[in-house]
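Subject: Structure handover

Hello,

I am passing the structure on to you with this email. Please look through it first, and then read the notes below.

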Amino acid sequence: MLLLLLLFILLAATLLVWKRQGNHWRRLGLEAPFGWPLVGNMLDFALARRSYGEVYQEIYTQNSGLRYVCFYRLFNEPAILVRDQELLRHILVGSNFANCADNAVYVDHQRDVLASHNPFIANGNRWRLLRADLVPLFTPSRMRQTLPHVAQACQLLRDQVPLGRFEAKDLATRYTLQVVASAIFGLDAHCLGSREKVASPSRWLEWLAPLFQPSAWSLLETMSLLHSSRLGRLIGHRYVPLPLQHWFRELVAARSGGDNLLQWLAESKRGLEMEELAGHATTLLLEGYETSAMLLAFVLYELALNEEAQQRLHFELDAVAQRHAGNLLDQVALGELRYAEAALLEALRLHPAMQALQKRCTKSFTLPAQKSGAGELKVHVGTVLVLPVQAIHLDSELYPAPKEFRPDRFLHQPPPVGCRFLGFGAGPRMCPGMRLGLLQTKAALATLLQDHCVLLADEGQCRVEVSPLTFLTASRKGIWLRFERRTPG
Ligand code: HEM
């Protein structure tokens with residue numbers, strides 16, 4: 001009897017705590033849905049039915065009259081999804097940046113020593129210092145010096161354009177790994193090249209290619225990275241697995257000069273120690289290949305679907321090639337490929353690598369009243385602010401016919417002002433590697449399409465679906481395409 005009573009009291013107490021947690025916003029007098037235990041308002045993400053970006057997109061579209069929406073993330077954590085362009089700007093670029101400069105990601109700095117050097121993960125002054133080391137690697141003049149690494153990888157890519165159907169993300173990853181291994185370390189990753197070489201396994205491919213791929217495990221890893229350090233500890237998650245950490249240290253220790261990013265870092269005035277160099281090399285590698293590979297795969301896919309856009313791109317490639325004696329990988333020629341760049345930005349709009357940016361409030365501040373006049377909201381330290389990139393990119397008020405692939409949107413103007421385009425983020429934390437990302441994807445696009453058309457692998461093929469399992473956007477079943485030879489005009 002006593003046991004039953006105790007159980008009853010325990011159950012009642014748990015229900016009360018859950019009810020209290022799920023009513024956090026309502027208790028403050030704010031309109032918000034009820035937050036369900038453990039899953040908050042993200043049940044579909046927790047059950048791997050939809051990606052986190054799609055869940056945020058639904059919240060964004062369902063609350064079109066609001067400047068920001070109070071809701072509950074996984075583990076019933078009260079959070080704020082920001083919809084209003086002006087508020088987004090304040091948070092990313094303007095007066096509120098200092099109040100929420102940290103990214104809301106959980107990485108255990110003891111277990112993930114090298115990953116904790118990544119500015120994306122670091123906070124406060126440490127972030128400032130680490131970022132300042134990397135920014136000088138991506139100036140236009142450094143990019144000019146990086147171009148030979150890119151051109152060399154493009155040469156290998158040209159010799160290996162697949163015959164028959166192929167998986168675009170796989171090809172793109174081979175290429176970007178080849179570029180970054182060369183640009184960062186001056187090494188040949190053997191990811192592309194003669195058939196004999198490719199047949200012998202490349203450690204780069206073997207160890208790095210699966211890192212961001214959807215798997216049974218990756219949903220738990222995404223949840224622990226974005227939502228819970230406790231879960232991370234429970235499943236023993238490491239952003240950079242231990243064998244990779246050892247391997248990166250070995251690579252850095254064995255470096256032998258040359259004209260590459262690691263060498264420029266080693267020569268920097270701050271005098272970096274070995275461990276810092278290994279940390280930066282890890283950042284450059286991991287940030288350097290996956291996002292660019294995904295973008296390259298998606299732009300090929302969109303061009304395969306959109307014949308007219310592909311024709312315009314071919315027209316541009318032919319015209320620029322004519323002016324540069326057939327060499328599209330010359331610095332000036334690449335600069336003239338404006339439509340190719342617009343196609344890349346448009347592909348990134350439709351398929352952003354990060355479906356949302358998530359910032360943590362580090363100094364309390366106030367969000368203004370809603371348009372309806374409902375009161376101001378004090379944002380407390382620790383609260384997560386969700387900036388829903390995918391939802392913004394697909395908002396029909398910001399982009400007419402948002403689901404259509406129209407590179408023209410980016411052709412005659414730089415990426416739109418404000419926070420309408422967040423493919424590389426915005427403000428002081430904006431992606432420092434954007435130039436390299438665009439350089440390597442544009443060079444590969446030009447190389448592949450100069451002599452080929454890209455088509456869907458199979459007629460009547462379904463549209464690519466986004467995997468709900470990963471932090472960086474990935475396709476559920478791959479992106480299947482084929483090339484056909486063309487005669488340049
Ligand atoms: C097409 C390719 C790429 C895409 C789409 C991309 C996208 C992004 C995005 C969305 C962010 C977050 C920005 C924010 O928090 O506001 C970011 C941060 C970052 N990216 Fe990239 N990126 C790309 C390529 C690269 C490359 C090639 C590198 C370096 C080799 C790089 C290094 C970084 C670093 C270090 C950060 C953290 C910056 C900070 O927090 O201060 N990225 N990137």
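The notes below go through what was found, one topic at a time.

This is a predicted model, in which local features need pLDDT of at least 70 and side-chain atom pairs count only at pLDDT 80 or more, while totals for chains, interfaces and linings use all residues. Residues are numbered from 1 along each chain as its sequence is written, and side-chain values use heavy atoms, with hydrogens and water left out.

Names of elements

Helices (H or I, at least four residues) and strands (E, at least two) are DSSP runs, numbered from the N terminus.

The iron site

Cys 431 is the only protein donor of the iron atom of the ligand, through its SG at 2.3 Å. Donors here are N, O and S atoms within 2.8 Å of the metal (3.2 Å for Na, K and Ca), and sites may look incomplete, as water is not among the atoms. Cys 431 is placed in the loop that runs between helix H19 (389-393) and helix H20 (434-450).

That loop also holds Leu 394. At 19% relative accessibility, Leu 394 counts as buried; the terms are buried for under 20% relative accessible area, exposed for over 50%, and partly exposed in between (1.4 Å probe, protein chains only). Leaving aside residues up to four places away in sequence, Leu 394 touches Gln 57, Arg 349, Leu 350 and Pro 402, where contact means heavy atoms within 4.5 Å. Leu 394 and Gln 57 are 337 residues apart along the chain, and their C-alpha atoms are separated by 8.6 Å.

Cysteines

How many disulfides does the structure hold? It holds zero, a disulfide being a pair of cysteine sulfur atoms within 2.5 Å. For Cys 70, the closest cysteine sulfur is in Cys 361, 13 Å away, which is too far for a bond. Cys 191 is in no disulfide either, and its nearest cysteine sulfur, that of Cys 154, is 14 Å away. Cys 70 is buried at 4% relative accessibility, and Cys 191 is buried at 0%.

The five-stranded sheet

An open sheet of five strands has the order E1-E2-E8-E5-E3, with mixed pairing. Strand E1 (68-73) and strand E3 (102-103) stand at the edges with a single partner strand each, so one side of each has no neighbour in the sheet. Two strands count as paired if DSSP finds at least two bridges between them. Three bridges link strand E2 (residues 77-82) and strand E8 (residues 384-387) in the parallel sense, and Ala 79 has Val 384 in E8 as its bridge partner.

Two helices pack against these strands. Helix H5 (residues 85-92) touches E1, E2, E5 and E8, and its direction makes about 120 degrees with that of E8. Helix H4 (residues 52-62) lies across E1, E2, strand E5 (357-360) and E8, at about 140 degrees to E1. Axes are lines fitted to C-alpha atoms, for helices over the stretch in contact, and angles run from 0 to 180 degrees between N-to-C directions.

Phe 75 has a positive phi of about 60 degrees although it is not a glycine. Asn 76, also a residue other than glycine, has a positive phi near 55 degrees. Are these residues buried or exposed? Phe 75 is partly exposed at 36% relative accessibility, whereas Asn 76 is buried, with a relative accessible area of 3%. Not counting residues up to four places away in sequence, the contacts of Asn 76 include Trp 18, Gln 21, Trp 36 and Leu 38.

The other strand pairs

Strand E4 (residues 166-167) pairs with strand E10 (residues 480-485) in the antiparallel sense over two bridges, and Phe 166 has Leu 481 in E10 as its bridge partner. E10 is also joined by five bridges to strand E9 (residues 452-456), again antiparallel. In that pair, Cys 453 stands opposite Glu 484 in E10.

Helix H15

Helix H15 (residues 274-305) has 32 residues and reaches 47 Å from its first C-alpha to its last, close to the 46 Å expected at 1.5 Å a residue. The expected span is 1.5 Å times one less than the number of residues. Of the 32 residues of H15, 27 are buried, so the helix is largely enclosed by the rest of the structure.

Regards
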